[in-house]
Amino acid sequence: MNAFWSIIGRDLRLSVRHGADTLAALMFFVIASALFPLAVGPAPETLARLAPGIVWVCALLAALLPLDRLFGADFEDGTLDQLLLSGLPAALVALAKAISHWFSTGLPLLVVAVPVSLMLNLDNDALPVLIAGLLPGTALLSLFGTAGAALVIGARRGGVLLPLLVLPLTAPVVIFGVAAADAASQGMSFEAPLLFLAALFAGALPLCPLAAGAALRAAVE
Amino acid sequence: MVLEVQEIAAVRGERRIFGPLSFSAASGEAMLLVGPNGSGKSTLLRILAGLGRLAEGVVRWNGNDTLADRAAHAALVSYVGHLDAVKPGLTARENLGPNAEAGLAAMALSHLADQPARFFSAGQKRRLALARLACSQAPIWLLDEPTLGLDVASVARFGDLLAKHRAAGGIVLAATHLPLPLPEAKELRLA
């Protein structure tokens with residue numbers, strides 16, 4: 001189990017050392033969200049109506065940015081071989097990578113989503129629900145993203161292929177995430193969509209690392 | 001402790017790279033893999049490490065089929081490939097992980113322990129990759145061109161490391177085109 005935590009610790013240390021890469025995803029999130037008031041007009045009611053969707057889609061796209069380096073750098077410099085020889089099953093290596101992606105990208109996005117939502121005039125009642133939905137939501141993005149990133153290792157133009165693989169998978173995540181926040185802003189019950197997100201997370205937690213692990217094994221062969 | 005390789009072969013696409021190939025290496029033994037470029041030396045090492053795909057044959061460790069459980073097999077081997085697996089953003093000590101001091105001392109890198117590896121020369125990165133061997137307890141060392149880019153003093157130091165490993169009962173398999181400090185090594189020629 002030590003090897004598992006040391007992969008996470010090492011990746012987090014690297015993401016702090018290469019802080020610019022980590023910040024790039026956050027800045028992308030803020031800037032992309034800030035473009036919407038310019039595009040759809042600054043009317044507060046319009047923005048409040050669109051806010052959950054804007055935050056979700058921008059967070060999703062921002063979380064994709066660091067994915068092609070998630071395994072890419074390790075594959076190119078030989079670290080991936082050493083990770084697979086660390087004595088951990090490949091699926092656990094992938095899970096450790098997904099966890100470090102969440103800590104370095106998902107968690108910061110979750111924090112920045114609060115000021116961005118306020119900027120977009122999101123309803124006060126909907127804000128906690130939006131964040132509660134983003135919590136399993138960003139974790140799902142990390143899991144789907146890890147599986148996708150493992151599949152495109154070594155592929156030519158993998159960075160272009162990756163969003164094409166991952167984005168369709170995230171459709172249900174966006175649907176339920178936005179539905180929960182919408183329901184909350186209209187004063188309706190928001191429990192069901194949040195539970196659906198939690199169920200998706202419970203399904204993806206074992207399945208995505210298994211798929212990613214198999215892809216990692218295939219990539220080094 | 002004995003590593004037995006029975007009738008193994010590697011296939012890439014439709015082409016057979018080598019095999020069927022059989023050999024064995026016992027405690028303290030060293031084996032040099034020699035052969036022209038493209039003869040499958042690296043492929044053989046990756047298969048023995050549990051990374052490459054074994055097309056046919058069996059690899060046994062003390063009589064057990066060791067590649068059946070790759071996570072367990074990983075505890076037996078320490079692999080140094082063409083790539084150094086050195087992260088430029090981490091210091092030498094952080095790159096080696098637990099047990100770093102033994103590795104740093106073995107390859108005379110202690111004075112650089114807290115330097116980020118991006119300041120290292122190619123030879124120093126190679127030494128850091130080899131230092132990883134000294135940090136592990138694995139009995140089987142699989143080395144792919146280990147001394148490429150090393151200076152004479154470092155090759156001698158690496159020779160001491162290899163000798164110590166063999167004296168402790170370890171096994172060394174190395175692919176190389178350069179003379180390696182491995183006295184009384186058996187030679188395995190791949191065509």
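Predicted model: local features only at pLDDT ≥ 70, side-chain atom pairs only at ≥ 80, totals over all residues.
1. Helix H7 of chain A covers residues 126–151, a run of 26 residues. From first C-alpha to last, H7(A) reaches 36 Å, close to the 38 Å expected at 1.5 Å a residue. Most of H7(A) is covered, with 22 of its 26 residues buried.

2. H7(A) packs against helix H6 of chain A, residues 90–119. Two packed helices are described by the angle between their axes and the distance between the axes. Here the angle is about 145° and the axes are 8 Å apart. The crossing of H6(A) and H7(A) is right-handed. By class, the residues in this contact are 16 nonpolar, seven polar and one charged.

3. A:Ser33 lies in helix H2 of chain A, residues 19–40. A:Ser33 counts as buried because 23 other C-beta atoms lie within 10 Å, where the cut-off is 20 or more. Leaving aside residues up to four places away in sequence, A:Ser33 touches A:Ile54, A:Val55, A:Cys58, A:Val116 and A:Leu120. By contrast, A:Asp77, 44 residues from A:Ser33 along the chain, has its C-alpha 35 Å from that of A:Ser33.

4. In the contact between the chains, 19 residues of chain B meet 18 residues of chain A. On the chain B side, helix H2 (70–74) and strand S6 (77–80) each supply at least two residues. The chain B residues that touch chain A divide into 11 nonpolar, four polar and four charged.

5. Two residues of chain B deserve a look at the backbone. Most residues other than glycine have a negative phi, and most peptide bonds are trans. B:Ala85 has a positive phi, near 55°, and is placed in the loop between S6 and helix H3 (92–96) of chain B. B:Glu184 also has a positive phi, near 55°, and its place is the loop between strands S8 (171–175) and S9 (186–189) of chain B.

6. Are B:Ala85 and B:Glu184 buried or exposed? B:Ala85 has 21 other C-beta atoms within 10 Å and is therefore buried, the cut-off being 20 or more. B:Glu184 has 8 C-beta neighbours inside 10 Å, so B:Glu184 counts as exposed, for which the limit is 12 or fewer.

How values were computed
Residues numbered from 1 in each chain as written. Chains lettered and ligands numbered in written order. Helix = DSSP H or I, 4+ residues; strand = E, 2+ residues; numbered from the N terminus. Expected span 1.5 Å × (residues − 1). Contact = placed C-beta atoms within 7 Å. Nonpolar A, V, L, I, M, F, W, Y, C, P; charged D, E, K, R; others polar. Axes fitted to C-alpha atoms, helices over the stretch in contact; angles between N-to-C directions. Left-handed = near helix turned anticlockwise from the far one by under 90°.
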